[in-house]
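Reader: I'm new to this structure, and I'd like a close look at just one part of it. Could you walk me through the aromatic rings and whatever surrounds them?

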Amino acid sequence: MTDPIADYLTRVRNAIKAQHRVVEVPASNLKKEITKILFEKGYILNYKFVEEGVQGTIKIALKYDPVNKVNAIKKLERVSTPGLRRYTGYKDMPRVLNGLGIAILSTSKGVMTDKEARELKIGGEVLCYIY
C-alpha cells in the first residue's frame, strides 16, 4: 500500500456511504492520532484500538443523526499525497469551510488540527480536510 492515510479515509468514506455503524481499519500511530482528533472534534461516536496480530486494528463507531440518518462527516478529502506533499506555515494555514471544518496537520509537535497549530504558531504537512 503506497498511501495508508488515503486508504484510511477511503474506508471511512465507504462505510459512511454504505451506512455502516462500525468500520475497521489497519492501525498505525498516525491513524491512531487522526482517530483521536476525529473523536475529540465530534465527528465519530467512539473508537477502540484492538492490539491483535502484527499490526492491530482500529474499530471506529460512526456517528449518525438518529432522525435523518445523516452522518456527522460530510466530506473527507486527502490533501498531501506521497507524490506531492503539501506544507504550510502558520500564517498561510488553510481554513476549511470558513472555520466550520478542520484540517489535520502533521507538525513537529505531533498531529493536530489547523486551529491548534495556528495557536502554537507552527506549520506542517496538511494531511486532510474534514467537514
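Author: Let's start with Phe 39, which counts as partly exposed because its relative accessibility is 34% (buried means under 20% relative accessible area, exposed over 50%, partly exposed in between, with a 1.4 Å probe and protein chains only). Before we go on: this is a predicted model, where local features need pLDDT of at least 70 and side-chain atom pairs count only at pLDDT 80 or more, while totals for chains, interfaces and linings use all residues. Residues are numbered from 1 along each chain as its sequence is written, and side-chain values use heavy atoms, with hydrogens and water left out.

Now, the rings. Searching the whole structure turns up two aromatic pairs; rings of Phe, Tyr and Trp (its six-membered ring) pair if their centres lie within 6.5 Å, and planes under 30 degrees apart count as stacked, over 60 as edge-to-face and the rest as tilted. Phe 39 and Tyr 47 have ring centres 5.3 Å apart and planes at 75 degrees, so they make an edge-to-face pair. Tyr 47 also pairs with Phe 49: here the centres are 5.1 Å apart and the planes sit at 45 degrees, so this pair is tilted. Put together, Phe 39, Tyr 47 and Phe 49 form one aromatic cluster.

Thr 35 is buried, with a relative accessible area of 0%. Leaving out residues up to four places away in sequence, Thr 35 touches Tyr 8, Ile 44, Tyr 47, Ile 58 and Ile 60, where contact means heavy atoms within 4.5 Å.

Finally, look at the strands here. β2 (residues 44-50) runs antiparallel to β3 (residues 57-62), and six bridges join them; two strands pair if DSSP finds at least two bridges between them. Val 50 stands opposite Thr 57 in β3. The hairpin of β2 and β3 has six residues between the strands, and in it Gly 53 takes a positive phi near 80 degrees.

Conventions:
Helix = DSSP H or I, 4+ residues; strand = E, 2+ residues; numbered from the N terminus.
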